[in-house]
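Hi,

Here is the structure I promised to pass on.

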Amino acid sequence: MVVGGRTARYGTAGTGAPVVFLHGWGISDRAYEPALRRLATSGVRVVAPALPGFGGTPALAAEHQSFTGYADWLADFTEAVGITEPAVVVGHSFGGGVAIMFAHRHQERTRGLVLVNSVGGSAWREHRSVLRSMADRPLWDWGLHLSRDLLPWRQLTRVLPVIVSEAVPNLVRDPRAFMRAAAVARSADLATELEELRDRGLPVVVLWGAKDRVVPEASVDALCEAVGVTRTTLEGGHGWLIGQPDAFSEVMTNVLELVDEGPRRERRTRWWRRGDPRRSDDASKATG
């Protein structure tokens, strides 16, 4: 796929109403394949781009490496991939910030927004007491809590290999773009955009893992306050949807019904990327 004259890599599965999924910082859509395969069985067309600078999609120019730049790139991508109707946009972590800005700048292309452990809230609670801006949070604190988020052992063995296999090639391929994207995520304060989305009446669902310390509770509460919704709190840490694809699929099936209450016809699902005659027998089971 060519977007803005440059190749963009993406994955897709299913047929039906479009759902655009945006991955977290440092990785790409590949990390979420099991979860997105299952989601596609619910009668939607899932399209998941590798955002610029990740997964083989060339980085944006430095002056455009911002949530605004990513959102405008995504608008060009959705047009190039043939999404002609408003989509539900799902963003995890860094991808949530891109999703918020996309919905804000391209209202006509968005029919709903699902934010999963998303950046965008302005608050960070230091030492569980003093409320400070997320922009004041030092990089070492991000790294410390990211490592803790991978524990216990079950989460470590499921999620860490996926993150390492994705993040290391991205870092080696373009280290400057990799770190600029980190700075964009670290300084995310999208309260103004969220408030405008609230005033427009756009359906917004916020999902958050209760053990997440990468995007802390104070941040997600600030996000929810700005957009005027109550969060849905789930078990798990920051990358819970990678380690628990069945649970993610079950939750998202319910969320999509809330966002788009119209009945969805049963549709035949095509397998993710490559043809595969096998069906996932556990697609409807949640791992909890």
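Let me start with Arg180, which counts as partly exposed because its relative accessibility is 30%, between the 20% limit for buried and the 50% limit for exposed. Please keep in mind that this is a predicted model. Arg180 is part of helix α6, residues 175–186. Leaving out residues up to four places away in sequence, Arg180 touches Leu60, Ala62 and Gln65. Gln65 is 115 residues away from Arg180 along the chain, yet the two C-alpha atoms are separated by 7.2 Å.

You'll find Ser93 in the loop between β6 (87–92) and α3 (94–105). With a relative accessibility of 9%, Ser93 counts as buried, since the cut-off for that is under 20%. And what is Ser93 in contact with, leaving aside its neighbours within four places in sequence? The list is Gly24, Val116, Asn117, Ser118, Val119 and His238.

Now the sheet. It is open and has 7 strands with mixed pairing, in the order β3-β5-β4-β6-β7-β10-β11. The edges are β3 (10–13) and β11 (232–234); each has a single partner strand, so one side of each is left without a neighbour in the sheet. From one strand to the next, the twist averages 20 degrees. Helix α2 (residues 67–80) packs on this sheet, where it touches β3, β4 (17–22) and β5 (44–49). The direction of α2 makes about 130 degrees with that of β5.

Leu115, for instance, has Val206 in β10 as its bridge partner.

Last, a helix pair. Helix α1 (residues 33–40) packs against helix α10 (residues 245–259) with the axes 8 Å apart and an angle of about 40 degrees. That makes α1 and α10 oblique to each other, because an angle under 35 degrees would be needed to count as roughly parallel. The crossing of α1 past α10 is right-handed. On the α1 side the contact involves Pro34, Ala35, Leu36, Arg38 and Leu39, and on the α10 side Pro245, Asp246, Phe248, Ser249, Met252 and Leu256. By type, the residues of this contact come to 8 nonpolar, 1 polar and 2 charged.

Cheers

Notes: Residues are numbered from 1 along each chain as its sequence is written. This is a predicted model: local features need pLDDT of at least 70, side-chain atom pairs count only at pLDDT 80 or more; totals for chains, interfaces and linings use all residues. Side-chain values use heavy atoms; hydrogens and water are left out. Axes are lines fitted to C-alpha atoms, for helices over the stretch in contact, and angles run from 0 to 180 degrees between N-to-C directions. Helices (H or I, at least four residues) and strands (E, at least two) are DSSP runs, numbered from the N terminus. Angles under 35 degrees count as roughly parallel, over 145 as roughly antiparallel, 65 to 115 as roughly perpendicular and the rest as oblique. A crossing is left-handed if the near helix is turned anticlockwise from the far one by less than a right angle, and right-handed if clockwise. Contact means heavy atoms within 4.5 Å. Ala, Val, Leu, Ile, Met, Phe, Trp, Tyr, Cys and Pro count as nonpolar, Asp, Glu, Lys and Arg as charged, and the others, Gly among them, as polar. Buried means under 20% relative accessible area, exposed over 50%, partly exposed in between (1.4 Å probe, protein chains only). Two strands pair if DSSP finds at least two bridges between them.
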